[in-house]
Amino acid sequence: RITMPSQDHILKSFDSELNRLYGEIKQMGDLAVKQLDAAVDVLVRRDSNAATRVVANDDAIDLLEDQISQDVLKLLALRQPMARDLREVYAALKISADIERIGDYASNVAKRSIVLNNSTAIPAAQRIGRLAKTANQILGDALKAYATSDAELAMKVRDADAELDGQYTSYFRELLTYMMEDPRTIGSCTHLLFMAKNIERIGDHATNIAENTYFVVHGQLPKGERKKDDHTSE
C-alpha cells in the first residue's frame, strides 16, 4: 500500500524549501554589500592586487544565482505554488537576478580602479565613497525589507533612490568641471564617471528588490512613477 504524504507534510516541505531560497538570497545580498564596500576601498587605497581579488569574488555571487534558479525551477515543477507562495518564488528569481547585476557593477568598479592606479591620483576619486555609502545603505535596507516582508520599508527604499540620483548628478558635474579645468584629468575622470554610473545603477537594482518585496506582500507593484533626480542628461 502506498502512503500519500499529508497536506501538513507537503506544506512543511514547501516552507523548508522556501526558507532555503531566502537563505541563499540573504547570502547573495551580504556578498554584494561587501563587494561594493571592497571595490571602493581598493579604489581609495589604490590597491590593484586587492582589486583583482574583488573581481574574482564575483564568481561566488554568480554561483549562488545559478543555484537559486535551479531551486526555483524545482519548486515550480514539484510544488506548483499559488497566490502568495507563487509570488514569493517568482520574486526570489527576480531579486537574485538583481543582486547578480549589483555584483557585476561592484566588480566593474574594482576593474576600473586597477586602470586608474596607472594614472596620477586625483582628489575626486576619494569622493566616490560617499556615493557608494548611499548605494549600500539603500541596498541594505532593500534586503532587510525583503527578509522581513516589510512593505513600508520597501517604499522608503524606493523613495531614497532619488537621493542617490542627486548625489550622482552632483558628482557627474564635479568631474566635468575637473576635465574642463585640466584636460590631463580627462582619462581618469572618464573612468570615474563610469564607476559612478555603476554605483547609481546599483541603487536602481536595490529599488527593484524593494518593489518586488512590495509585490510579494500586496500582490501588486507600487503605484506611480519612481522618484528620479538624475539630471546628467540635461
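Me: Is Tyr90 buried, exposed or partly exposed, and why?
Reply: Tyr90 counts as partly exposed because its relative accessibility is 42%. The cut-offs are under 20% relative accessible area for buried, over 50% for exposed and partly exposed in between, with a 1.4 Å probe and protein chains only.

Me: And what about Phe215, buried or exposed?
Reply: Phe215 has a relative accessible area of 18%, so this residue is buried.

Me: Before we go on, what sort of model is this?
Reply: It is a predicted model, where local features need pLDDT of at least 70, side-chain atom pairs count only at pLDDT 80 or more, and totals for chains, interfaces and linings use all residues. Residues are numbered from 1 along each chain as its sequence is written, and side-chain values use heavy atoms, leaving out hydrogens and water.

Me: What is the mean pLDDT of the protein chain?
Reply: The mean is 91, and 94% of the residues reach 70 or more; pLDDT is the predictor's confidence in each residue, from 0 to 100. Over residues 1-6, though, the pLDDT is below 50, and beyond near neighbours in sequence this stretch has one contact in the model (contact means heavy atoms within 4.5 Å).

Me: Thanks! How many helices and strands are there?
Reply: Six helices and zero strands. These are DSSP runs numbered from the N terminus, with helices being H or I of at least four residues and strands E of at least two.

Me: What size of box do the C-alpha atoms fill?
Reply: Roughly 85 × 40 × 20 Å, taken along the principal axes. Of the 234 residues, 45% count as buried.

Me: How much of the contact set joins residues at least 24 apart?
Reply: That is 85% of the contacts between residues at least 6 apart in sequence.

Me: Switching to rings: how many aromatic pairs are there?
Reply: Three, where rings of Phe, Tyr and Trp (its six-membered ring) pair if their centres lie within 6.5 Å; planes under 30 degrees apart are stacked, over 60 edge-to-face and the rest tilted. One of them is Tyr22 with Tyr146, which is stacked at 4.8 Å centre to centre and 15 degrees between the planes. Tyr22 sits in helix α1 (residues 7-45) and Tyr146 in helix α4 (residues 128-148), 124 residues apart. Both Tyr22 and Tyr146 are buried.

Me: Why is the pair of Tyr90 and Phe215 edge-to-face?
Reply: Because their planes are at 70 degrees, with the ring centres 6.1 Å apart. Tyr90 belongs to helix α3 (residues 83-116) and Phe215 to helix α6 (residues 186-218), so this pair links parts of the chain 125 residues apart.
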